[in-house]
Amino acid sequence: MDKGIYSAVADIGGIDELIGVVEGDCSNAKALVEVLELKGIQCFQYSYPNSRSYEQLKKEIDKLCSHFGVSYDKCLEVKKELDKIRQRLSYLDELTWKDNKASGFENHIWQVSSSDFNGDYITFGHKLEDAISSIEKREPRTESKRIGYMGVPPINGDIYEFVESLDARVVYNEVQRQFTMADSIGMEDIVEEYRRFTYPYSIRYRLEDIIAQVEKRRIDGIIHYTQAFCFRGIEDIIIRKELNVPVLTLEGDRPGKLDQRTKLRIEAFIDMLDE
């Protein structure tokens, strides 16, 4: 991921400034920002305090607003517009796990895209409505095993299609759902909204959300995905101890399709869920 960001910013160009999340995200982000600054690229450092302290997080958000000359009230005004789209994303999520009409990949791609609404939230909203309209008309899907996906969004996009070829379907994407801020829709406190955003904080706080969703969505097993050499892989020890469903841990290191070894592991995992 860091190599991709470096290439996009330093080599491809066209980016005026980079916001580097140096706490609460990839541990290499701070070093990446320093390298880019050395190349003369303007960077702004932002942190999610590990403590989830309201006061510390507010300072970070105020600093970000001040840097870009935006008032808190203006941010709140835009949030209200974005919440209308987030509400529809929440409905699309229900079309996945409750109505069984949306695929795991559709759930993934729409939710992960809400991290920036593809750079144009108005166009994004129109396209989302078209997608929902199409999905609503389908007959319910009939896969027998319900899979949850936790961890960073996959670098292997065909994982959802492969899971579905095994009479299973992903009905929960943890981090992607967090990108939609589904649990903060209608809230008029931006600081609290970002305190509820689980991914930047400890695994134990994330697990509270994951455990609740596993029960709510009647999930049979969890695929835990991590990037190669990422510190989050160590958290797998806690995840396996705390979750009451089987867990398969996958590690990715480069874009592309699933390799045969990974396919065999997924197949064996899903077969095991029948035992």
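Predicted model: local features only at pLDDT ≥ 70, side-chain atom pairs only at ≥ 80, totals over all residues.
In helix α4, which spans residues 72-97, Asp83 and Arg86 sit 3 residues apart, about one turn of the helix.

**Salt bridges within helices**

- Asp83 forms a salt bridge with Arg86, and the closest N and O atoms of the two are 3.9 Å apart.
- Asp83 is buried because its relative accessible area is 8%, and Arg86 likewise counts as buried, at 7% relative accessibility.
- In helix α9 (residues 190-196), Glu192 and Arg195 are 3 residues apart and therefore separated by about one helical turn, and their side chains meet in a salt bridge at 2.9 Å, N to O.
- Glu192 has a relative accessible area of 18% and is buried, while Arg195 is also buried, with a relative accessible area of 18%.

**A network of charged residues**

- Salt bridges link Arg141, Glu143, Glu164 and Arg169 in a network, and within it Glu143 pairs with Arg141, with 2.9 Å between the closest N and O atoms.
- Arg141 counts as partly exposed because its relative accessibility is 26%.

- Ile19 belongs to strand β1, which covers residues 18-23, and at 40% relative accessibility Ile19 counts as partly exposed.

How values were computed
Residues numbered from 1 in each chain as written. Heavy atoms only, no water. Helix = DSSP H or I, 4+ residues; strand = E, 2+ residues; numbered from the N terminus. Buried < 20%, exposed > 50% of the residue type's maximum accessible area, 1.4 Å probe, protein only. Salt bridge = Lys/Arg side-chain N within 4 Å of Asp/Glu carboxyl O.
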